[in-house]
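Notebook open, new model loaded.

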Amino acid sequence: MRSPRRCSRNGCPRQAVATLTYVYNESTAVVGPLAAFAEPHTYDLCEPHARSLTAPRGWDVVRHEGEFEPPPPTTDDLVALAEAVREAARPVAPRPPEDDQNTNPTPQTGRRGHLRVIPPNH
């Protein structure tokens, strides 16, 4: 599984539970629940930093009033690995016979990146 996103504040090792977004044309800082994906120009914050955030003078802060909860674990990496294994295990289309009659009758091992497909014994 993917490691949890960390707080964007320098030196903070805590897990992020909130996302900070600046709305510059309205001079507003918005602190809400953690966004599903890390987006450019947003900042992930841990709960203490999300609760204690202050904005520059003349700016408003809109803050989520409920509890900040860590995101559920994702299985994206596991699903991607399973798909890669399935794709690598698909039978390879037979090659057309070469002109040379001395072709090697032993089964070939296919290789894709760091995965290797070993054909079953006949």
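Below are my entries, in the order I looked things up.

**Ground rules.** I'm working on a predicted model, so I keep to its cut-offs: local features need pLDDT of at least 70, side-chain atom pairs count only at pLDDT 80 or more, and totals for chains, interfaces and linings use all residues. Residues are numbered from 1 along each chain as its sequence is written, and side-chain values use heavy atoms, with hydrogens and water left out.

**Overall fold.** I started with the secondary structure and got two helices and six strands. Along the sequence I read the order as β-β-β-α-β-α-β-β.

**Surface and burial.** The chain has 122 residues, and 16% of them are buried. My scale: buried is under 20% relative accessible area, exposed is over 50%, and partly exposed is in between, with a 1.4 Å probe and protein chains only. The accessible surface comes to about 10,000 Å², and carbon and sulfur atoms hold 54% of that. That area is from the Shrake-Rupley method with a 1.4 Å probe; for residues, only the protein chains shown count as cover.

**Contact range.** I took the contacts between residues at least 6 apart in sequence and found that 55% of them join residues at least 24 apart. Contact here means heavy atoms within 4.5 Å.

**Strand pairing.** Which way do strand 1 and strand 2 pair? They run antiparallel, over six bridges. I count strands as paired if DSSP finds at least two bridges between them. One bridge I looked up sets Tyr22 against Ala29 of strand 2. Strand 2 also pairs with strand 4 (residues 60–63), in the parallel sense and over four bridges. There, Val31 has Arg63 of strand 4 as its bridge partner.

**Ala29.** I listed what Ala29 touches, skipping residues up to four places away in sequence: Leu20, Thr21, Tyr22, Leu53, Trp59, Asp60, Val61 and Val62. Ala29 is also one of the residues in the largest nonpolar core.

**The core.** How many residues does the largest nonpolar core have? I get twelve: Cys7, Cys12, Val17, Ala18, Leu20, Ala29, Val31, Leu45, Cys46, Ala50, Leu53 and Phe68. Strand 1 and strand 2 each supply at least two residues of this core. The rule for a core is a set of buried Ala, Val, Leu, Ile, Met, Phe, Trp, Tyr and Cys residues joined through side-chain atoms within 4.5 Å.

**Salt bridges.** I find two in the structure. The test is a side-chain nitrogen of Lys or Arg within 4 Å of a carboxyl oxygen of Asp or Glu.

- Asp44 pairs with Arg5, and their closest N and O atoms are 2.8 Å apart. Asp44 sits in strand 3 and Arg5 in the segment before strand 1, so the pair ties together parts that are 39 residues apart in sequence.
- Arg51 meets Glu47 at 3.4 Å, N to O. Both lie in helix 1 (residues 47–52), four residues apart, about one turn of the helix. Arg51 is partly exposed because its relative accessibility is 33%, and so is Glu47, at 30%.

**Asp44 again.** Buried or exposed, and why? Asp44 counts as buried because its relative accessibility is 8%. Leaving aside neighbours within four places in sequence, Asp44 is in contact with Arg5, Arg6, Cys7, Ser8, Ala16, Ala18, Thr19, Leu34 and Ala38.

**Positive phi.** Which residues other than glycine did I note with positive phi? Ser27 has phi near 50 degrees, and His41 has phi near 70 degrees. Ser27 lies in the loop between strand 1 (18–23) and strand 2 (28–33); that hairpin has four residues between its strands. Ser27 is partly exposed because its relative accessibility is 26%. His41 is found in the loop between strand 2 and strand 3 (42–45). At 73% relative accessibility, His41 goes down as exposed.
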